[in-house]
Amino acid sequence: MRWGRTLARGLLAGALITMPSALAVPAAGTATTGPGTASPAAASPTPSLAPWRGGVDLYRAGTFTTQQTWLWCTAAGIQIARNIVLGQHDHSYAGQQRYFDWMRARNRYRLPLSAGVDAQGWTAGFQHFVDARYRLDASSSFDAALRSAVASLRRTGLPVGITVDHGNHAWLLTGFTATADPAATASFTVTSVRVVGPLYGLQSRAGYDMPPDTRLTPAQLRRFFTPWHYAPTRMVWDGRYVSIQPAAAAATGTATPVPSPAASAAPTAPASPGVASPSGRAPGPSPAAPATSQAVAAVAPTATTVAGAPEGPTPAAASSPDEALRVLAVVVAAVLAAGGAALAVARRG
């Protein structure tokens, strides 16, 4: 998502920004899944629900990873979700780069690299790399979005992706508490949520990002989970609360099993990470920003569908054999005519 740019502007303005909280950079040598480990992305069977005890928390120690660049919040979100769902401990730079590149190719909108991955691209990433049941949800109100998100989490046992700071950054919703079980009744009130932001360890300013599995009240979450808005382009999600939620019913079709990316020898953060703001100014307290910034979970419409890249122009049809023969006949006739004229001249001479 594009949180980097907005964050820089927000930091300078002293306001909340879309930038994810400081990313925790994994130490060199951190265990990662090897290239031979396959993780099926097809819809997993919905597990039988555990007894309701007032809440759910999917987060486990060792599953968090900091985004490796300012642009890779959505990619880090996929990596963390895989760690939670598949029981992995992947913190590799190579993995995040692979997820980011794959998702950008499936954006809805044609965005500059600095805008990163839009909501459609992030949804495709969840479906392909985590579980095929994920769907994009664009709710008209905060309350509707929150209730839908916790109900989806409870029914499937899968984390929910949420776009924060108007779609400039991406978090995961990993748990919640409520007055009643959302899987059993619609008469419940959410009392708290658990969130994970991949900027933690790299940037922690104005709440972007907090330590993993931070507990927030709904009122506190409302400050971050805000309606989608991408100033450069009008998008289909404008004014909506965008989240990527797992549906309880299995998705149609089967996704291809996705092997875990090979781990880099020593994953490290960029030498001089930074985020470029829309005005081109770098965040005051942050290191110099690169020319690009991430559109973490921001949904950016593209000409492509969720599953594929935009189609290019249709090539012109090749000439038919009959037309080629006609052209050849004209050329031969011209040559014969020219030869006949030359012969006549020679005879007159």
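I began with His-166, which I found in the loop between strand S4 (160-164) and S5; helices (H or I, at least four residues) and strands (E, at least two) are taken as DSSP runs, numbered from the N terminus. I note that this is a predicted model, in which local features need pLDDT of at least 70 and side-chain atom pairs count only at pLDDT 80 or more, while totals for chains, interfaces and linings use all residues. Residues are numbered from 1 along each chain as its sequence is written, and side-chain values use heavy atoms, with hydrogens and water left out.

**Loop residues**

For His-166 I read a phi near 60°, a positive value in a residue other than glycine. His-166 has a relative accessible area of 33% and is partly exposed, where buried means under 20% relative accessible area, exposed over 50%, and partly exposed in between (1.4 Å probe, protein chains only).

I then turned to the loop between S6 and S7, where Ala-206 is located. Phi of Ala-206 is near 55°, again positive in a residue other than glycine, and with 40% relative accessibility Ala-206 counts as partly exposed. Asp-209 also has its place in the loop between S6 and S7, and I noted that the peptide bond leading from Tyr-208 to Asp-209 is cis, with omega near 0°.

**Strand S6 and its partners**

I looked up how far strand S6 (residues 190-196) is enclosed: 5 of its 7 residues are buried, so the strand is largely enclosed by the rest of the structure. Strand S5 (residues 169-178) pairs with S6 in the antiparallel sense over 6 bridges, where pairing requires that DSSP finds at least two bridges between the strands. Across this pairing, Ser-192 in S6 stands opposite Thr-177. S6 also pairs with strand S7 (residues 214-216), in the antiparallel sense and over 3 bridges, and I recorded Thr-214 in S7 as the bridge partner of Val-195.

**Helix packing**

Two packed helices are described by the angle between their axes and the distance between the axes. Axes here are lines fitted to C-alpha atoms, for helices over the stretch in contact, with angles running from 0 to 180 degrees between N-to-C directions.

Helix H2 (residues 73-86) packs against helix H3 (residues 93-104) at an angle of about 120°, with the axes 8 Å apart. That makes H2 oblique to H3, since angles under 35 degrees count as roughly parallel, over 145 as roughly antiparallel, 65 to 115 as roughly perpendicular and the rest as oblique. The residues in contact (heavy atoms within 4.5 Å) include Ile-78 and Arg-82 of H2 and Tyr-99 and Phe-100 of H3. By class I find 6 nonpolar, 4 polar and 1 charged residues in the contact of H2 with H3; Ala, Val, Leu, Ile, Met, Phe, Trp, Tyr, Cys and Pro count as nonpolar, Asp, Glu, Lys and Arg as charged, and the others, Gly among them, as polar.

H3 packs in turn with helix H4 (residues 119-129), at an angle of about 125° and with the axes 8 Å apart, and H3 and H4 are therefore oblique to each other. Among the residues making this contact are Arg-98 and Trp-102 of H3 and Trp-122 and His-128 of H4. The contact of H3 with H4 divides into 6 nonpolar, 3 polar and 1 charged residues.

**Whole chain**

Last, I counted 7 helices and 9 strands in the chain, and buried residues make up 48% of its 349 residues.
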